[in-house]
Amino acid sequence: MKSMMLTLIIVNIVIVIICAMILIKKFVKEKGMECFYIEDEILYLNSLFIKKIPLSDIEHIEFSYNRARTTYIGLIKVYKKNAKIVKRHFQTSKISFVTTEKMILEEIEKITPILKEYSIPYDIKGK
């Protein structure tokens with residue numbers, strides 16, 4: 001009984017340490033709090049594991065958002081030239097308990113000038 005409780009405590013401590021390391025990694029990175037960003041012609045989709053997509057592989061991008069109870073949730077779908085689709089949900093890079101429609105649109109507006117510069121077509125769909 002005691003060994004089982006000790007094992008559970010150790011497992012919980014390991015989980016807390018891993019979560020703390022991930023949070024520290026996100027905060028220390030220059031753009032760690034951004035939902036998505038472009039550097040060196042690569043689109044970075046921030047989540048637990050960062051997805052890197054070269055801009056040359058992108059056919060088009062679709063942004064959508066909808067209301068979920070009292071907050072809004074965004075979705076970015078990246079359609080690649082090899083017919084694969086990469087999806088990531090996002091809210092905002094600001095620390096906030098409630099995300100508004102305006103905040104979602106501000107996140108999208110951060111990246112659209114760069115998409116226009118590289119002639120990558122995109123759609124924004126609100127619900």
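Here is a short chat about a predicted model, covering its aromatic rings, a surface patch and its cysteines.

Biologist: How many aromatic pairs does the structure hold?

Modeller: Rings of Phe, Tyr and Trp pair if their centres lie within 6.5 Å. By that rule, the number of aromatic pairs in this structure is five.

Biologist: Take phenylalanine 36 and phenylalanine 63: is the pair stacked, edge-to-face or tilted?

Modeller: Planes under 30 degrees apart count as stacked and those over 60 as edge-to-face, with the rest called tilted. The two ring centres here are 5.8 Å apart and the planes sit at 45°, so the pair of phenylalanine 36 and phenylalanine 63 is tilted.

Biologist: And how many residues apart in sequence are the parts this pair ties together?

Modeller: Phenylalanine 36 lies in strand β1, which covers residues 36-39. Phenylalanine 63 belongs to strand β4, residues 58-68, so the separation in sequence is 27 residues.

Biologist: What kind of pair do phenylalanine 36 and phenylalanine 90 make?

Modeller: Their ring centres are 4.9 Å apart. This pair links distant parts of the chain, strand β1 and strand β6 (residues 85-90), 54 residues apart. With the planes at 85°, the pair is edge-to-face.

Biologist: Is phenylalanine 90 buried or exposed?

Modeller: Buried means under 20% relative accessible area. Phenylalanine 90 has 5%, so phenylalanine 90 is buried.

Biologist: Let's go to the surface. What is the accessible area of the nonpolar patch?

Modeller: The patch is formed by Leu6, Ile10, Val14, Ile18 and Ile22. One of them, isoleucine 22, is found in helix α1, residues 2-28, and is partly exposed at 30% relative accessible area. Together the five residues have an accessible area of about 410 Å².

Biologist: How many disulfides are there?

Modeller: A disulfide needs two cysteine sulfur atoms within 2.5 Å. For cysteine 19, the nearest cysteine sulfur is that of cysteine 35, 19 Å away, and cysteine 19 is in no disulfide. Cysteine 35 is in no disulfide either. The count of disulfides is zero.

Biologist: Is cysteine 35 buried or exposed?

Modeller: Cysteine 19 is partly exposed, with a relative accessible area of 42%. For cysteine 35 the value is 10%, and the cut-off for buried is under 20%. So cysteine 35 counts as buried.

How values were computed: Residues numbered from 1 in each chain as written. Predicted model: local features only at pLDDT ≥ 70, side-chain atom pairs only at ≥ 80, totals over all residues. Heavy atoms only, no water. Phe/Tyr/Trp six-rings, centres within 6.5 Å; stacked < 30°, edge-to-face > 60°. Helix = DSSP H or I, 4+ residues; strand = E, 2+ residues; numbered from the N terminus. Buried < 20%, exposed > 50% of the residue type's maximum accessible area, 1.4 Å probe, protein only. Patch = residues over 30% accessible without salt bridge, like charges linked within 9 Å, V, L, I, M, F, W, Y side chains within 5 Å. Areas by Shrake-Rupley, 256 points an atom, 1.4 Å probe, with all protein chains shown as cover. Salt bridge = Lys/Arg side-chain N within 4 Å of Asp/Glu carboxyl O.
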